[in-house]
Amino acid sequence: MNLEEENELDLFAAELRQAHPQPELSDDFFEVLQTRVRHSWSFRSAMQSNPLIRVAAGLLVMTIAAAPVAALFYMFGPVKVEKPKLGFEPRQEISDEGWREDVVHEKSGYAIIGPEDELDFDPPPLTAAQLLELQQASRMAQVSQNWKAAQRPTAAVAEPAWGAFLSACEEGAFQMSQAQRNAFGNSKLASSASDEASRSAHAAWHWVLTGESATSEQAPLAWEGAPFLSDDR
Amino acid sequence: MSSGAPDDYLVRFKAGDSAAFDELVSEMAPRLKGYFLRQGAQPSTAEDLVQNVFVRIIQNLPRYQPSGRLDAFCLRIARNLWIDNRRRSGREFSSEEAMEGLDVQPGPVDSADRDDRAVQLRAALGKLDEETRELLELAVLQQLPYKDVSMILDIPIGTVKSRVYYSLRRLRDRVQNLNPGTEA
């Protein structure tokens, strides 16, 4: 490119510009433009100029996007593990299978006691008098049992004989207590009983009261007639 | 028209000088209309596009930072709008359509010879390919600096210089071939 050609091209460019004059505008161009500019509103310019609109648009977008995003998470998200519910739910009805209230034991004839009526397994300790009374009652029961066993062949008349025995015991006991009151432990019991039953009853009663086997000195009426006093039977 | 200077129309308009925008429209609207017409737009469409340029300038006014020439700024917006308009219409504008748009607004020429010469020049320009026509439009008719043309067309500035030179020479030769007896 030499200078002469450059000048020629500059002249040609000027001629080209001259051949393309600026066109005229229509008569209402400015009026229409003013109207359009006055009413021009774009979301972009509003977003740029007003921060409240930006916040509102953001909330709107989040709200719109929340539903499909939640659906996608529901479909493809991690599987939820069902956690067991912790709590107490009382039974609506009590199962009464195999349970009868107030069942009466047919064999014993006694009502089965409930847990609320159970015996007190921690009773207060017995006093000496209570203990002695209990021991005496126990020995009395044993005497009764042994006596009935000894009288088995005559079981038909056991009850009347037992009554006579008790009467003899009472008499013997009276005599023994009388003798004790006379304050001689080794003295011979004065006894008006003369038969074997009275002597046995006397010895039995002595054992019941003291728990000691009467010796010949203590009970001159001897033991031989009172085999029911032995525990070995 | 320079930008960034105290007399920048948009700077003055942002500062509250409402007359600055009217001055900008008065100066740039004919140039922009000529640009759209020479690109192939119909006269009504061209004015509509020119108004769109100013509406977009107003909408982007809060973000406007003066840098470079204001006419280059307006022409860049005009070019983007023209590209959008072509995409919406879905068709390419031929050189003949560009010629039709130019014929509607003939230049004020005095003599018949000059009129013939101007018609020939416009016809020759309209027959150029679209890229060359746009290059000459910006660099020659709008008289933008090569740097701004380079930025608008997104091509190196050296390429702009060489293309303008060869395009002008080719266009000149083409017009001379139409009138062998005359010289530019």
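1. Contact between the chains. In this predicted model, 28 residues of chain A are in contact with 30 residues of chain B. On the side of chain A that touches chain B, helix 1 (3-19), helix 2 (29-38) and helix 3 (43-49) of chain A each supply at least two residues. Helix 1 of chain A gives the largest share of that side, with nine residues. By residue type, the side of chain A that touches chain B divides into 15 nonpolar, eight polar and five charged residues.

2. The largest nonpolar core. This core has 48 residues. Those with the most contacts inside it are L32(B), F36(B), V53(B), C74(B), L75(B), A78(B) and A139(B). Helix 2 (residues 18-39) of chain B contributes nine residues, the largest share of the core. Domain 1 (1-105) and domain 2 (112-184) of chain B are both represented, each with at least three residues in this core.

3. Leaving aside residues up to four places away in sequence, V53(B) touches L32(B), C74(B), I77(B), A78(B) and L81(B).

4. R163(B). This residue is found in helix 9 (residues 157-178) of chain B. R163(B) counts as partly exposed because it has 18 C-beta neighbours inside 10 Å, whereas a buried residue needs 20 or more and an exposed one has 12 or fewer. The C-alpha atoms of R163(B) and L135(B) are separated by 8.0 Å, although the two residues are 28 residues apart along the chain.

5. Confidence in chain A. The mean pLDDT of chain A is 72, with 58% of its residues at 70 or more. Among the elements of chain A, helix 4 (residues 51-76) has the highest mean pLDDT (89) and helix 6 (residues 158-181) the lowest (63).

6. Segments to treat with caution. Over residues 183-194 of chain A, pLDDT stays under 50, and the model has 19 contacts beyond four places in sequence for this segment. Over residues 216-225 of chain A, pLDDT also stays under 50, and here the model has 21 contacts beyond four places in sequence. Where pLDDT is low, the predicted coordinates should not be read in detail.

How values were computed. Residues numbered from 1 in each chain as written. Chains lettered and ligands numbered in written order. Predicted model: local features only at pLDDT ≥ 70, side-chain atom pairs only at ≥ 80, totals over all residues. Contact = placed C-beta atoms within 7 Å. Helix = DSSP H or I, 4+ residues; strand = E, 2+ residues; numbered from the N terminus. Nonpolar A, V, L, I, M, F, W, Y, C, P; charged D, E, K, R; others polar. Core = buried A, V, L, I, M, F, W, Y, C linked by C-beta atoms within 7 Å. Domains from an automatic or database assignment. pLDDT = per-residue confidence, 0-100.
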